[in-house]
Amino acid sequence: MPFPEYQKPLLRHLCTVTIYHWDLKTRELAARALRGLAPLAPDYVISDLLPSIVASTTSPFLAVRHGAITSAGVVVEVLGSRLQKDKRLSEVILSVPTNIPEKYTQDFGALLTLSSIASYIGCLSRAGWDIDRSEDSGGTGIRQRQFFESFVQALTVCKEVQGIVLDFTAFVRKYGLSDEQHSIMERYTRVERSGTSCQSYVLAMGALRNQSDFDLLCNLITQGTTVEIRRNAAAALGQFCQRWTQDVGGGVGGCDTRTLKNELAATEALMAGLLDYSVDNRGDVGSWVRKRCLETLLVLYGSDRILATRMAADVVILLLGRTLRAATEKLDRLRERAGQLLEIILYFQQDFATSTTTKATTGAVADPPQQHLQKCLAQLRKCIPPPADFSANSDLRYFGGLSIVDDVYQCFEGEKVGGQPGRRNSGGVNWADPEAAFVQVACALSVEEQRLRQPLFEGLVVTGSAEPLGKFAVKAVALHADALSPTSEDVSATRDSSKDAAATAPVGNEAKEKEEESKVEQGDFHTDKWSVDGIVGELTRLLLTDRRTSKVINPALIVADQLIEQGALVSASGKALLSLYQAVRRVAYGLRAPLRLGLCLKLYGSLSLVSDEMARMALESIRQLAADQTFAMICINGVLVDSNEERMERIQVILVETEWMAAKEEDFKQRKTEMAELVKQALDADTTQ
C-alpha cells in the first residue's frame, strides 16, 4: 500500500464501525476488506483491534455479534501464524465458538449466529490451528466434538448452507471425523427430517471420503425424494471428483475411491441425472439437477485425459447422446455446459487405441465396438468444430483463453471468476447463442448412430415447441432437412457397391468385410442412413410413445406441423407420410385433452396440403375426430340439455351410425346439415326455457 499513514485509520474505522453496520451485506463487505488490510499492519490489528472484536462476539445485539464473529474469523485466518505463537491468546481465540451463549443460537437471529460460528470454525481450519493440543491426534478431542456439534446445528437450522458446507469441508480436511460422527452425517441424510435440513446434509456429504458416502450420493442423484436433494447430491459428487484430481491419498482419511468401478458408477449416475425433467409450480426445477450433473461431468472428464479410454464404448456413446440433447436446452447456461463437455470428449479425451505410439509398441487394434465409437467421434468432429485456438498440444483446461474446468472448480467452492463463466466469443461454437448453437448441433443429426441421433432430435423437438427459442430449433432442423436426400435408398446402393468391392478383394479381407457387414445388417451398432424420411420416422416414433406418460407427443405434433408448413418435409416419401398420418390417428383416438386435440386437427390440416391422397385421408380423419368430440360433449358430458327426447335420440343416432370417414360426400353433407339443424333447435329450446 503506497500510503502507510492511512493503514491504521482505515483499519480502526473498519473494525470499530463498519463491521457492526446494520446492513448484512455491508458487514460482509467489511469482513472482505479486513482480509486484505489486516496483513498490512498485523501488530496493530492483534494488539489494538482484535481484543475488542473478540469481546463483541457475545454481544446481545445481533448485528454487532454477527459482525464480530465473522471479522474475528477473518483475522485468525490471515494472521494465524502470528496468533498461534501466543498460547494465552490462542486459547481465547479457540474458545470464541463455545463461549457464545446458547440462547443466541436458539432464538431470533439464530440463523446468522450459527452461520457466523461455522464461518469462524472454517477460518480456524483453513489456517491450520491446533484445536486440541492436549488431546489425541485422531481429531476427536473435546473441542473437535464441540465444533462438529456446531456444524450439525447450523446444517439443521440454516436454509442457505453453501458457505457452511465449504467451512465444514475445510474442517473435515483438517481435523477429520470419528466413526460416530460419520454415522451421524449419514443418518441425517436418510431420516425423515425437514426437507431443508435433509438436503443440507446431502450437500455436506461431499466433504466425506468413505466408499459408502460415494455410493449414497450416486443413488441420491436419481432416488432423492426432492429435486433439491438430487441437485445437492450431484454437487456433492462433484466434490468427490474434484478431490480425485487434487489429492494423492493424502490428508486425514485420504481419498482412495478413484477406481474404474467408481468412475463408471459416477458417470452412470450423472447420465441418469441428465434425464431429470421434473416440473412443479416453480417451473423446470429438473434443470437444477441437469446443470449440476453437467458441471460434475466437466470436472470428471476435464481432469483426466484418458478417462474415456477406460470406459466401455457403449457408455461413451450413451454419454455423448445425452450431452447432445442437453446442448439443445432452452437455458443458456445448461447449453454452455453441455457444449463444453462435448468439446472435452471430442477434442481433449484420447481416442481408443489410436495413437501411433500405442500401435507401434503394443500392436493393439481396437475391437469392433471401439472402432464404431471412433467412427462416431469422427463424424461428430465434422459437425462440431474445436474450441478457439485449439491445437493437438493444447492444455486440457484451455478453452479459448478461459479455464473452464478451473471455473467449475470455483463454482463448487462458492466463488466465481469474474464475469460470466464459460462464455466464449473468439471462435468455436458460441453455445450462448441459441440460433447459432442449434444450427451447428443439428448437423450432428447426420451421424449414423441412432443412440446419438435420437436424443439429439428429441431435444430439438422439445425445444422447438416452446417460444421464444422454438423458432430457432425448428429452423435448424428445416435447414438440415434441405441438405438431405429424400429417402434412404442410397443406403442399399452403398451396401450393394460395398458387396461388389468385397467380391474382388483379397480373401483375407473378404472374411473381415463380411463380418463387419453382418454386424451392421444385424443392427449391432444401431446404424442407419439419415434422410428426410428419417426425420418423418423420428417424428412418428415420438408420436407413438405412451400417451399417458410421454412429454414429447405435444412437442412432436407442433414441430411436425411447423416443418410441413416450412416445406422441410415436402420431399418425404408417401410411405413415410402415411406412417406419420397413422400415428396422428392413434394419438387422436378417444382423445379428450383440448390442447392435444387442437394440435392433432392442425397437423391434419397441414398434412392435407402435401398431396391429394393425403388431403382426402386427413379430411376424413378430421370428420371422424370432430364427430367423436361432438358425441362426447353432447351425449356423454351433457353439454347440450334438451327436453325433447326424440330430438336428442336422433342426434345420437346420427353421430353413432354414420361412417364419417367412409361416407360419400353427399351423405356426409346431408347428415351434417341434419345434425346441425337438430342442435340449433335444441339450443333454441334451451334458451327459451
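Here are my entries, starting with the ground rules.

**Ground rules.** This is a predicted model, where local features need pLDDT of at least 70, side-chain atom pairs count only at pLDDT 80 or more, and totals for chains, interfaces and linings use all residues. Residues are numbered from 1 along each chain as its sequence is written, and side-chain values use heavy atoms, with hydrogens and water left out.

**Salt bridges.** I looked up the total and got 26 salt bridges (a side-chain nitrogen of Lys or Arg within 4 Å of a carboxyl oxygen of Asp or Glu).

Glu77 and Arg35 meet at 3.3 Å, N to O. Glu77 sits in helix H4 (residues 62-78) and Arg35 in helix H2 (residues 24-37), so this pair ties together parts 42 residues apart in sequence. My helices are DSSP runs (H or I, at least four residues), numbered from the N terminus. Arg35 is partly exposed, with 36% relative accessible area; the classes are buried under 20%, exposed over 50% and partly exposed in between (1.4 Å probe, protein chains only).

Asp167 bridges to Arg126, with the closest N and O atoms 3.1 Å apart. Asp167 lies in helix H10 (residues 162-175) and Arg126 in helix H8 (residues 110-127), so parts 41 residues apart are tied together. Is Asp167 buried or exposed? Asp167 counts as buried, at 8% relative accessibility, while Arg126 is partly exposed at 42%.

Lys602 and Glu565 also pair up, at 3.1 Å, N to O. This one links helix H31 (residues 594-607) with helix H29 (residues 553-565), 37 residues apart. Lys602 is partly exposed at 43% and Glu565 is exposed at 52%.

**Helix pair.** I checked how H28 (residues 532-543) packs on H30 (residues 574-588): the angle is about 15° and the axes are 9 Å apart. Axes are lines fitted to C-alpha atoms, for helices over the stretch in contact, with angles from 0 to 180 degrees between N-to-C directions. That makes H28 roughly parallel to H30 (angles under 35 degrees).

**Peptide bond.** Most peptide bonds are trans. The bond joining Glu467 and Pro468 is cis, with omega about 10°. I found Pro468 in the loop between helix H24 (450-464) and helix H25 (470-482).

**Surface.** Leu10 belongs to helix H1 (residues 7-16). I logged Leu10 as partly exposed, at 42% relative accessibility.

Methods: Helix = DSSP H or I, 4+ residues; strand = E, 2+ residues; numbered from the N terminus. Parallel < 35°, antiparallel > 145°, perpendicular 65-115°, else oblique.
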